[in-house]
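Please go through the briefing below with the model at hand.

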Amino acid sequence: MTPDKIRNIAIIAHVDHGKTTLVDGLLRSSGNFRENQAIAERAMDSMDLEKEKGITIKAKNTSVHWNDHIINIVDTPGHADFGGEVERVMKMVDGVMLVVDAYDGPQAQTRFVLKKALQQGIKPIVLINKMDRPNIDPQKVHDKVLELFLELDATEDQFNAAFLYGSARAGWVTDSPTGEQHDMTFLLGKIVEHIPAPKAEVEGSFEMLVSNIDWDNFVGRVAIGKVTRGSVKLGDRVFLLGKTPEEKAKPVKVTKVFQYTTLTTGESVEGTAGDIVGISGFEDVDIGQTVAGAADAPSLPFVAIDPPTIVMQFAVNDGPLAGREGEHVTSRKIRDRLDREQKMNVTISVKDTDTAGIFDVSARGSMQIAVLVEQMRREGFEVLVSRPMVIMKRIDDVLCEPFETLYVDVPDEYLGNVMKSISERKGKIEDMSAHSGRTSLQAYVPTRGLIGFEFDLMNQTSGHGIHSHLFREYAPHAGPMQTRSTGTLVSTEGGEATSYALDTIQIRGKLFIGPGELVYDGMLIGENPRADDLPVNPTRSKNLTNFREAGGTKAIALSPPVRFSLERAIEYIAPDELAECTPKSIRLRKRTLDSSQRQREKKKTEAQLEGSGA
């Protein structure tokens with residue numbers, strides 16, 4: 001297969017604009033499946049978490065054989081927290097298909113991923129999707145996309161991108177809003193027509209940049225990338241170049257060459273120039289390294305990845321219930337798992353802290369870390385995680401923090417509450433526009449002001465508010481900010497919670513636990529509407545006497561407890577609290593479990609503050 005018969009394309013878009021459904025349509029129309037073959041919906045979302053959440057988390061590649069062409073397709077995530085997945089695949093492709101909702105138009109994440117693609121000089125095609133939705137305005141969306149191209153300094157060639165219209169779910173595409181509807185093969189034809197063939201040299205020594213890493217149960221780590229020169233086959237001797245010029249190249253014998261076709265991974269005889277392939281035989285390989293046919297070959301440049309803005313602490317579970325539900329509970333196991341994640345995900349970095357068994361994990365956003373914690377829970381890990389904290393920097397001797405552009409779309413009746421919430425979080429409204437009963441806001445907000453904002457927005461708008469955000473810059477610190485106005489009900493005893501005790505405690509606030517659940521000293525069992533923490537005993541049982549009480553047989557009616565999802569728990573906890581995540585439970589607790597020690601620490605902190613104030 002020569003490079004002129006290969007096309008490499010990434011599909012990019014905002015969350016929920018239909019990327020994965022579009023890939024489904026292309027796979028079905030390519031003729032690569034039997035007529036009676038059952039194909040799952042959103043087939044590329046192979047992780048359990050992706051299926052449950054309905055979003056793409058990891059970038060994955062496949063290919064379709066159409067006529068005499070191979071079209072390699074990379075499905076990318078649309079959520080800003082997983083932006084690193086998009087950035088690193090840009091070196092693998094020669095074109096992008098920007099998918100835009102015909103009703104919503106280009107959104108925050110559209111801007112981010114398109115900017116990355118245009119900076120790499122990649123040629124775009126635009127598909128205005130969901131043309132079967134009511135109240136659409138494809139012409140207005142078309143103009144907005146062109147405005148976005150201008151804002152992002154697109155070249156003339158990029159600006160003159162082909163526009164297509166269609167519905168990935170209904171399986172039709174056309175080249176004008178009112179044109180004749182064609183099946184998905186029409187789109188494959190347009191990709192071949194408008195996306196350039198890969199710049200690859202057929203002759204010469206083998207060369208490939210590692211843009212993704214996969215795992216195979218038989219051969220271990222698989223390095224995936226686009227072959228930019230030469231070819232590779234089973235048994236070849238290649239070299240993994242060092243990350244720095246000083247690091248020596250390691251010789252590697254290729255144990256397998258993989259090709260990614262439709263939903264399967266096939267073992268190909270040879271990986272040719274321009275094609276996207278996987279190679280195994282490495283003991284250790286990282287994203288961004290170069291694999292070459294000669295030890296003295298120059299390293300290929302890797303795309304610059306935006307820095308992480310949030311850090312969270314992972315710690316060994318040291319609570320009284322530790323080790324009851326999980327298999328992997330030691331610091332060595334947790335560190336090994338975090339190291340593995342660091343190698344597979346370029347936007348996550350792990351550092352040891354001064355305290356043994358506690359690690360700082362930096363990432364793009366709290367959702368990205370919540371996904372990692374959820375994966376670890378499912379693998380049998382027990383781990384304590386802290387509230388996300390933003391990464392501060394000193395720039396020209398001024399303390400700076402990350403700021404983001406926040407985009408919010410709410411029904412008009414909820415606008416006042418949402419604007420009040422944004423201003424409490426030190427946000428400044430920059431732009432506002434009204435359309436058919438809804439208002440769109442653009443605000444400039446510190447990243448720490450967005451921690452927990454999603455839950456507040458859902459409550460304030462009864463679930464009708466939509467928001468997205470995008471990292472903008474580091475700017476001077478915005479000052480103190482209070483994002484949680486309530487305190488907690490903290491257990492002072494260990495044991496089993498009783499209905500009798502919870503009945504008296506629920507008058508004080510909302511409960512997080514039900515009767516019969518195990519609790520321990522320092523565990524958060526509810527929310528106190530006032531700002532301070534209230535010590536309570538949820539294990540108290542009724543003292544029996546030989547007197548019959550009036551109404552003593554009355555049944556106890558408890559309100560249903562508030563159950564936290566992992567993302568909500570991480571955003572809810574205060575700096576002096578932790579979330580205990582095990583395969584079966586999510587518990588909230590104080591960092592210091594012993595109540596008398598907590599009191600001593602509190603007094604010490606207050607004394608220090610008074611001393612510094614004096």
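The points below are grouped by topic.

This is a predicted model. The chain has 614 residues, and 53% of them are buried. It holds 14 helices and 36 strands. Among contacts with a separation of 6 or more, 72% join residues 24 or more positions apart.

**Helix pair α10 and α11**

- Helix α10 covers residues 415-424 and helix α11 covers residues 453-460.
- Their axes come within 10 Å and cross at roughly 160°.
- Angles over 145 degrees count as roughly antiparallel, so α10 and α11 are roughly antiparallel to each other.
- The crossing of α10 with α11 is right-handed.
- On the α10 side, the contact is made by Asn 417, Val 418, Ser 421 and Ile 422.
- On the α11 side, Phe 453, Leu 457 and Gln 460 make the contact.
- By class, the contact of α10 with α11 has four nonpolar residues, three polar residues and no charged ones.

**Helix pair α8 and α9**

- Helix α8 runs over residues 331-344, and helix α9 over residues 366-378.
- The two axes come within 12 Å, with a crossing angle of roughly 130°.
- That angle makes α8 and α9 oblique to each other.
- α8 and α9 cross in a right-handed sense.
- From α8, the residues in contact are Ile 334, Arg 337, Leu 338 and Glu 341.
- They meet Leu 372, Gln 375 and Met 376 of α9.
- The contact of α8 with α9 divides into four nonpolar, one polar and two charged residues.

**Lys 190**

- Lys 190 sits in helix α7, which spans residues 185-194.
- Its relative accessibility is 17%. Buried means under 20%, so Lys 190 counts as buried.
- Not counting residues up to four places away in sequence, Lys 190 touches Ile 125, Leu 164, Asp 175 and Ile 195.
- The C-alpha atoms of Lys 190 and Ala 162 are 8.5 Å apart, although 28 residues separate the two along the chain.

**Arg 425**

- Arg 425 lies in the loop between α10 and β26 (428-435).
- Arg 425 is buried, at 5% relative accessible area.
- Leaving aside neighbours within four places in sequence, the contacts of Arg 425 include Val 445, Pro 446, Gly 449, Leu 450, Ile 451 and Gly 452.
- Phe 453, Asp 456, Met 481 and Thr 483 are also among the contacts of Arg 425.
- Phe 453 is also one of the α11 residues that meet α10.

**Gly 522**

- Gly 522 is in the loop between β32 (518-519) and β33 (524-528).
- With a relative accessible area of 0%, Gly 522 is buried.
- Beyond neighbours within four places in sequence, Gly 522 is in contact with Val 490, Ser 491, Arg 589, Lys 590, Leu 593 and Arg 598.
- Gly 522 and Arg 598 are 76 residues apart in sequence, with 9.2 Å between their C-alpha atoms.

**Cysteines**

- A disulfide is a covalent bond between the sulfur atoms of two cysteines.
- A pair counts as a disulfide when its cysteine sulfur atoms are within 2.5 Å. By this rule there are zero disulfides.
- Cys 400 is buried, with a relative accessible area of 5%.
- Cys 581 is buried too, at 0%.

How values were computed. Residues numbered from 1 in each chain as written. Predicted model: local features only at pLDDT ≥ 70, side-chain atom pairs only at ≥ 80, totals over all residues. Heavy atoms only, no water. Buried < 20%, exposed > 50% of the residue type's maximum accessible area, 1.4 Å probe, protein only. Axes fitted to C-alpha atoms, helices over the stretch in contact; angles between N-to-C directions. Helix = DSSP H or I, 4+ residues; strand = E, 2+ residues; numbered from the N terminus. Parallel < 35°, antiparallel > 145°, perpendicular 65-115°, else oblique. Left-handed = near helix turned anticlockwise from the far one by under 90°. Contact = heavy atoms within 4.5 Å. Nonpolar A, V, L, I, M, F, W, Y, C, P; charged D, E, K, R; others polar.
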